[in-house]
Protein chains: 2
Amino acid sequence: MNKPHHHGDLREALIQAGIDILSEHGLAALTLRACAARAGVSHAAPAHHFKGLPGLTAAICARGYRIFSDLMIEERDKVAPDAFARLSAICKGYLRFAREHPALFRLVFGTKVDFCNDAELMQNSAIAYGILATGCAPFATDEPTGNRLEITIWSLVHGYASLMQNQRSDAFDDRDEALEFDAILGDLNLTLQRNYCSESSREPLIK
Amino acid sequence: MNKPHHHGDLREALIQAGIDILSEHGLAALTLRACAARAGVSHAAPAHHFKGLPGLTAAICARGYRIFSDLMIEERDKVAPDAFARLSAICKGYLRFAREHPALFRLVFGTKVDFCNDAELMQNSAIAYGILATGCAPFATDEPTGNRLEITIWSLVHGYASLMQNQRSDAFDDRDEALEFDAILGDLNLTLQRNYCSESSREPLIK
DNA sequence: GGCGTGATCTTTACACTGTCAAGCTAAAGA
DNA sequence: TCTTTAGCTTGACAGTGTAAAGATCACGCC
């Protein structure tokens, strides 16, 4: 056999195998052995890089959060420097994650992953939520309700994404989801705070 | 052995076993063999009543939806005959389901259950969502946006319940969730529709 | 180049899982 | 009473994750 004994970058290959398997075969197909086989190693090899299946799962989730963040950033960077447009775009990215990566979405948000033992997962999760929080910030007051607005929007987009993805009701049939969610966001009648109004007017000058 | 060969009501016992196992040991402990053992039968006995593990899972979900509906109805029936109070109470029941039955919540909303082959599951699901829809109805206009309001509230309460249950962010630490969600619902500034105003004033006369 | 060490993998074994099929038990109906 | 059918048990098997022993090999030192 001319296959080297040492893979070279097995940890990364296993994570990517997991992402691919989720994408092609769904959540039920994500097993340690499937990932190992796909990476071209024996079924017990992953044990060196991860603390069992839970460890691999956490690492795939951490990667999932990065993909999630990238989609939100991608959508946000497509729109004009307008606070509402930006928030709307970030939510669009959120919905894209659910739609384009259904199994990964379900893994990330539906499984009981042990956060405390994975620094990368905690970091990537915080980054992802931070993107949404910055999208909400222009509309948040300095009062205690400021945090409530963030919870509201987060609950809204997360709930919508979950229900949309489940497609468990006629209510979600045949819809342009991004368009509808935009309308829902509009229904909230979000009010820009005063300090953010002045920043908005300054931005064209910078560019 | 004085144990009868025929259990007598095995289907029901297996479903209840599943509910108990979820409650006591969490979602990962829900196996065919665990349910069979708990019901006092061999591991292959459930195959006569359910189409494998997916069939048992679907039946447990159907039961889960009933528990879900009961909680929403229970909370709704505690409050005054006021449209907003009723909607708020229904949402409180929704959040109670997530908090009091975390594993069941995750099973019902997080697993890919095959709906098309289980009439009871479809029916119970429709009943549950119907309760929420009736809570929204007094605030829905006859315009196409009427359905949007239902989606909005549904997304909101579902997202909030999911995130609260996951407890993945400091944003959800140390909170009275029912109180907060009430405030969030209040933030929406829902407007009663005209026909419902007249019904409200008629109700005391009926009683 | 040889040797030692540690990292990285393979192999083997085992227990748990769901499913299948044959066989057993017993309840219901003729 | 006999036959049929429902309802279960038993045994087998393949797939799963984990543990432990063993093999391979990369690297550094002499």
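View 1. R66(B) is partly exposed at 39% relative accessibility, where buried means under 20% relative accessible area, exposed over 50% and partly exposed in between (1.4 Å probe, protein chains only). The model is predicted: local features need pLDDT of at least 70, side-chain atom pairs count only at pLDDT 80 or more, and totals for chains, interfaces and linings use all residues. Side-chain values use heavy atoms, without hydrogens and water, while residues are numbered from 1 along each chain as its sequence is written, with chains lettered from A and ligands numbered from 1 in the order in which they are written. R66(B) forms a salt bridge with E120(B) at 3.2 Å between the closest N and O atoms (a side-chain nitrogen of Lys or Arg within 4 Å of a carboxyl oxygen of Asp or Glu). E120(B) lies in helix α6 (residues 119–136) of chain B and R66(B) in helix α3 (residues 52–76) of chain B, so the pair joins parts 54 residues apart in sequence; helices are DSSP runs of H or I, at least four residues, numbered from the N terminus. E120(B) is likewise partly exposed, at 29%.

**View 2. The salt bridge between R63(A) and E12(A).** The closest N and O atoms are 2.9 Å apart. R63(A) belongs to helix α3 (residues 52–76) and E12(A) to helix α1 (residues 10–25) of chain A, 51 residues apart. R63(A) is buried at 15%, whereas E12(A) is partly exposed at 31%.

**View 3. The salt bridge between K78(B) and E75(B).** The N-to-O distance is 3.0 Å. K78(B) is exposed at 55%; E75(B) is buried at 4%.

**View 4. A salt-bridge network in chain A.** E74(A), E75(A), K78(A), K92(A), R96(A) and E100(A) are linked. Over all chains, 22 salt bridges are counted.

Technical notes: Helix = DSSP H or I, 4+ residues; strand = E, 2+ residues; numbered from the N terminus.
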